[in-house]
Amino acid sequence: MTMVDQGATIRTTCPYCGVGCGVLATPQPDGSVAIAGDPDHPANFGRLCSKGSALGETLSLDDRLLNPEIHGKLATWDEALDLVANRFSQTVAAHGPDSVALYVSGQLLTEDYYVANKLMKGFIGSANIDTNSRLCMASSVAGHRRAFGTDTVPGTYADLEEADLVVLVGSNFAWCHPVLFQRLLAAREKKGTRIVVIDPRRTMTAEAADLHLALAPDSDLPLFLGLLNYLEQAGLRDTAYLEAHVGDVAPALAIAAQFSVAHVADECGLTVKDVTGFYQNFAGTKKVVTVYSQGINQSVSGSDKVNAIINCHLFTGRIGQPGMGPFSITGQPNAMGGREVGGLANMLAAHMDIENPGHRNIVQRFWNSPFMAQKPGLKAVDLFRAVGEGKIKALWIMATNPADSLPDADHVQEALKICPFVVVSDAIRQTDTTRFAHVLLPAAAWAEKDGTVTNSERRISRQRSFLPLPGQAKPDWWQLAEVGKRMGFAGFDFESPAAIFAEHAALSGFENSDSRDFDISAHATISQAEFEALEPFQWPQRAGQKPGESRFFADGNFYTPDRKARFVAVAPRASGKTVSSEFPLWLNTGRIRDQWHTMTRTGKTQRLMSHFSEPFCDIHPDDAAVAGIEPDDIVSVETAHGSGLFRANLSGAQRPGSIFVPMHWTDQFASRARINAATHPATDPTSGQPGLKACAAAIRPFEAQWYGFAISADPPSTDECAYWALARAEGGFRLELAGNQPVVDWQGFAARLLNAPPDAEWVAYYDRQAGLARLAAFSGEKLIGALFVGPEPVDIAKSFVAMALAEKLGGPTRLHLLAGRGGADRPDPGAIICACFAVGVNQIVSAIRDGGAISVDAVGEALKAGTNCGSCRSEIRRLLDEHALKEAV
């Protein structure tokens, strides 16, 4: 582990998305950590997004799991590890190796992943190890393996800058991969790169597009089948490439021939003009990159969509060359590293295939393992279904929160509740998953982790620790290795992550000779000192060879038996899921700009909670009118599987007939906002990835008797609120709330909500006829909290009110507080648009309206907004457009 001196700057890697940005972390004398982008890292060249910039604000220990626990009581490591090893051994002995399972995460480092996979597949003898990456990129893996013979991402980030056309499919690139998006926009500024966005929603990414195709949900496959047909009709077949490097194309072309432009337009809900425009752009541009993400992968036909995209690039020979190729952008920091070590239930280590007896033999001999898994294990959704059916009797969950992130999540919780033995390794004590654990193991968090991660362009980077392990927390690899040893297995005497990385590298080159794509055997003898100094590099790096071309497949050489790509014939098929009179809308779920997964890290900083402080549902105004929903109402989103409560956000950017809800909120942050309790568990038959982007749903107004907004210095007590959403604020918390029962005594209600002491001093205002109440509780000059309620959604300067927690308030300011307005000398910044510099919407509007800022750059000059990561620039552009429209009217 890296030993850090105070004030020393450590080069490490961001723990969020798959871009893999380099980070400079510098511990400060006051215990804080200064965070900056690494200007020398080839993924980001010094840029960080709003989440990365705020990493220093997420390092507190107040919510950390710091000691092993057994049945909720403190235990020693020996007691906890012995229990885990004994229960797993006993379960395997009684019920066989497939009665136990590991469920791991793209948050693990490659070294953690490697030990987990080795233990489960090579020594316990079951492939029942899967990962939350199944929810992210499994369809891309399946598509790659079907077409290329292996899970290879052909291109590099530089291709985004080399391309003349970039097609973004099912990717809100501006919010989910903002640093790469800024690289793309810089390329457009420099050379005029055209951008096409294919997404049912008019996202902030679509705002920047030259062409936006707002296609019907889940209709990408007909669109790309039609593109293949158009390319064939236009005579753009690369005959030389196809004959030399690709298998039979005829079956796929026969299917594609059924998809004329008019038919595609009808299937996708688009105009013929827009479909033709896209096809002409693609056909007329040699240097084209197609970037795809969760909108493609999270579908019950995700694998087929991936192959339809790949087919268009193979057909035209646009692959493996600068500025050309299909490009899967991963959502997690080490989803790629997990794929490299075989972290998925249907893969072996080093990109070998578990279905291949020869590959199983190679891995077993290298590991000298006694019990090699002979068949693929259960994929994530099936794995937890097996837990619920009693087939899996011991389960170890690491660094993930399946009680919220898996589809049909209430059933996942029911399965965990009845599982005989659940182990959870996590850095956080209270999550919706840890409450089901019989054994809790405290894990290292980002600042303490030491190892490697791989980003979306196959670049391996070091993650280095810069803070000591707190309490009794231990790295995940150490926990796994200790259990392996206690189960009686040899081969787990690892002394450091460097030793694990060296073994991983050696396996990648073992009996390889370019028969497999993944090879980093140049590092098989890496020393501890060399590991400490390891610079970011792209694979392959084969032993005895100089690093070669960073792209794959320009000259064919695919990893199939005949070294030719497979041109996979795909066709739309009925999913069995459709809208109806009961559920007339399509529910789409996804990420938002400043949050990450289930908010265990991003939810700790008020800066990141200021963009969207509560769970919401985007609804087209026409759909809202039909359902009787007004702006800012609380809306119930319901499906056949479950429901939740969300703030209604009416937006013309939302496609009619569909709604969007973020996937981040959990029971720690809201009353009923676990949207995956409502998503269906249907999966892609090839990849096993669930279709989280299209579930039939209905919306209904929540019958609120009252609405409220509160601030509290301490965590509030929300038991009496039917709806609540909690967010960090400077000096405490802010709370949106609503109730479906009348309240007679508002001061009593507020006292219980705010945990106010009996001797608190109260300042209050009531308008009983209007149903308004405003109360604030003080202890001397210290504000304990305040509550604002009324019959409609509360309209006050919430940012100003929340700032009052960090201030001492005398008489006049107390009146301002109850008024909910700061006055001319204390303007309300409004909802935060630029998280990097905490610039609110009201400040930006004022700069445009009163300050004469007529461009995004002018707003940046006036307020700094949009000058760091750039992920808010599309929102600033939208505000400029809205102002220009008002001026024109």
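By the rule used here, five cavities of 30 Å³ or more are counted. A cavity is a set of points, on a 1 Å grid over the protein atoms alone, where a 1.4 Å probe fits but cannot get out; a pocket is an open set with protein on both sides within 12 Å along at least five of seven lines, and lining residues have an atom within 4 Å of a point. Rolling a probe the size of a water molecule over the atoms shows where empty space is left. Grid points are joined across faces, edges and corners, and a volume is the space filled by probe spheres set on the points.

Colleagues, the model before you is predicted: local features need pLDDT of at least 70, side-chain atom pairs count only at pLDDT 80 or more, and totals for chains, interfaces and linings use all residues. Residues are numbered from 1 along each chain as its sequence is written, and side-chain values use heavy atoms, with hydrogens and water left out.

The largest cavity has a volume of about 90 Å³. Its lining has 14 residues, and the closest to its centre are Cys 14, Tyr 16, Cys 17, Cys 21 and Cys 49. Helix H1 (50-53) and helix H7 (178-191) each give two or more residues to this lining; helices (H or I, at least four residues) and strands (E, at least two) are DSSP runs, numbered from the N terminus. By class, this lining holds 10 nonpolar, three polar and one charged residues. Here Ala, Val, Leu, Ile, Met, Phe, Trp, Tyr, Cys and Pro count as nonpolar, Asp, Glu, Lys and Arg as charged, and the others, Gly among them, as polar.

The second largest cavity has a volume of about 70 Å³. Among the residues that line this cavity are Arg 11, Asp 38, His 41 and Glu 535. Which strand supplies the largest share of the lining of the second largest cavity? That strand is S1, with three residues. The lining divides into two nonpolar, five polar and five charged residues.

I turn now to an open space. About 1500 Å³ of space lies in the second largest pocket. Of its 45 lining residues, His 611, Phe 612, Asp 632, Asn 649 and Ala 831 are the closest to the centre. Elements that each supply at least two lining residues include strand S22 (643-650), strand S27 (732-739) and helix H30 (873-888). This lining comprises 19 nonpolar, 11 polar and 15 charged residues.

Next come the nonpolar cores. A nonpolar core is a set of buried Ala, Val, Leu, Ile, Met, Phe, Trp, Tyr and Cys residues joined through side-chain atoms within 4.5 Å. Buried means under 20% relative accessible area, exposed over 50%, and partly exposed in between (1.4 Å probe, protein chains only). In the largest core, of 116 residues, Phe 88, Ile 198, Leu 223, Phe 224, Phe 278 and Trp 396 touch the most other members. Helix H3 (residues 110-124) gives the largest share of this core, eight residues. Apart from it lies another core, of 94 residues, including Val 33 and Ile 629.

Finally, consider a hairpin. Strand S28 (residues 761-767) and strand S29 (residues 772-779) pair in the antiparallel sense over seven bridges; two strands pair if DSSP finds at least two bridges between them. Tyr 765 stands opposite Arg 774 in S29. Four residues lie between the strands of this hairpin, and Gly 771 takes a positive phi near 80°.
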